[in-house]
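Let's take a friendly walk through a protein model. Have a look at the picture first, and then we will go through it piece by piece.

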Amino acid sequence: LYIVSAYSNPAPNTLVIDKQICICERAGITPVIVFNKSDEGDFTEYELIYRNAGYRTYVISCKNMSGIDAVKADLPQGISVFTGNSGVGKSTLLNCIAPEFNIKTGEVSDKLGRGRHTTRHTELYDIGNGRYIADTPGFSAIECEPVPKDDLAGLFIEFSEYLGKCRFTTCSHVCEKGCAVLEAVAEGKISRSRHESYCAMYRDAAQIKSWELKK
C-alpha cells in the first residue's frame, strides 16, 4: 500500500498516515510512504519520521518529475494500491508512472482546501511484468476497525525492541514511569510524532467496549 500525502492542500496529517500504517501492519500488507509536491516545500522532517521508523519513504514532485523513477522502480510484482486524502495527487502520480492510462485527475478546491474526489471507484491497471497498480477514491477522514488497546503497541514496529522492558508489565506506554518506550521517545530513538499518534489511537481504543471487538 503506497500511502500518498502532500505538502499542502491538504498538509500532511501524521495521525492519518499512522492509522493507515497500522491497518497495513495488522493485515500483513507492506506500507510505503510517498510525500508528493516537494516543489511546494521541505519534507525533510516528515521523511525522517518514517525512514527512522523503518518504512520505505519517497519524496517526489509530479510537477517536475522528481523521484518518480524511484517510486516506479520500487513497484513489486503483484498489486500495489495507492491511497491518500483527496487532492494529494494519487492519480497524477499514477499518470507519471503509466501515462498510457490517462487517469482522470482533479484540482484541489480553494474553498474547501481539499480534493474533489475525482476518483470514484477503484480500478486496476496492468503495467507489465506481473505488476498492477490501483488508484482508490480519496478521503477526507479515515476510521480503523476496532483494535484492542493492548495490541496497538505491536503495530508500531519501532516500539518492538522496547516492549517487555518497562517497569510494569501492564504498561500502556502512554504516561507511566519506568516506561521503556517513553524513555526511547525522550532520547529521540522513537519519533515524538509517532508516539503522539499511538497515544491518540490508544485513547480511542480504550473507549471501545469488549463486545464491539467481537463483531
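How many cavities of 30 Å³ or more does the count come to? The count comes to 1 cavity. Keep in mind as you read that this is a predicted model.

## The cavity

Sorted by class, the lining has 4 nonpolar and 4 polar residues, and no charged ones. Two elements, β1 (2-6) and α1 (14-27), each supply at least two residues of this lining. The largest share comes from β1, with 3 residues.

Next, find helix α4, which runs over residues 90-97. Is this helix mostly covered or mostly open? It is mostly covered, as 7 of its 8 residues are buried. The buried residues are K90, S91, L93, L94, N95, C96 and I97. What lies over them? The cover of the buried residues of α4 includes β1, β2 (32-36), α3 (68-74), β4 (78-83) and β6 (131-135).

## Aromatic rings

Now look for the rings. The count comes to 10 aromatic pairs. A pair of aromatic rings is described by the distance of the centres and the angle of the planes. Two of the pairs are set out here.

| Pair | Arrangement | Centre to centre | Between the planes |
|---|---|---|---|
| Y2 and F82 | stacked | 4.8 Å | 10 degrees |
| F101 and Y125 | tilted | 4.9 Å | 55 degrees |

Y2 lies in strand β1 and F82 in strand β4, so this pair ties together parts that are 80 residues apart in sequence. Both Y2 and F82 are buried.

The pair of F101 and Y125 also links distant parts of the chain, 24 residues apart. F101 sits in the loop between α4 and β5 (123-128), while Y125 is in strand β5. Are these two residues buried or partly exposed? F101 counts as partly exposed because its relative accessibility is 30%, whereas Y125 is buried, with a relative accessible area of 11%.

Finally, which residues form one aromatic cluster? They are F35, F43, Y46 and Y50.

Notes
Residues are numbered from 1 along each chain as its sequence is written. This is a predicted model: local features need pLDDT of at least 70, side-chain atom pairs count only at pLDDT 80 or more; totals for chains, interfaces and linings use all residues. Side-chain values use heavy atoms; hydrogens and water are left out. On a 1 Å grid over the protein atoms alone, a cavity is a set of points where a 1.4 Å probe fits but cannot get out, and a pocket is an open set with protein on both sides within 12 Å along at least five of seven lines; lining residues have an atom within 4 Å of a point. Grid points are joined across faces, edges and corners, and a volume is the space filled by probe spheres set on the points. Helices (H or I, at least four residues) and strands (E, at least two) are DSSP runs, numbered from the N terminus. Ala, Val, Leu, Ile, Met, Phe, Trp, Tyr, Cys and Pro count as nonpolar, Asp, Glu, Lys and Arg as charged, and the others, Gly among them, as polar. Buried means under 20% relative accessible area, exposed over 50%, partly exposed in between (1.4 Å probe, protein chains only). Contact means heavy atoms within 4.5 Å. Rings of Phe, Tyr and Trp (its six-membered ring) pair if their centres lie within 6.5 Å; planes under 30 degrees apart count as stacked, over 60 as edge-to-face and the rest as tilted.
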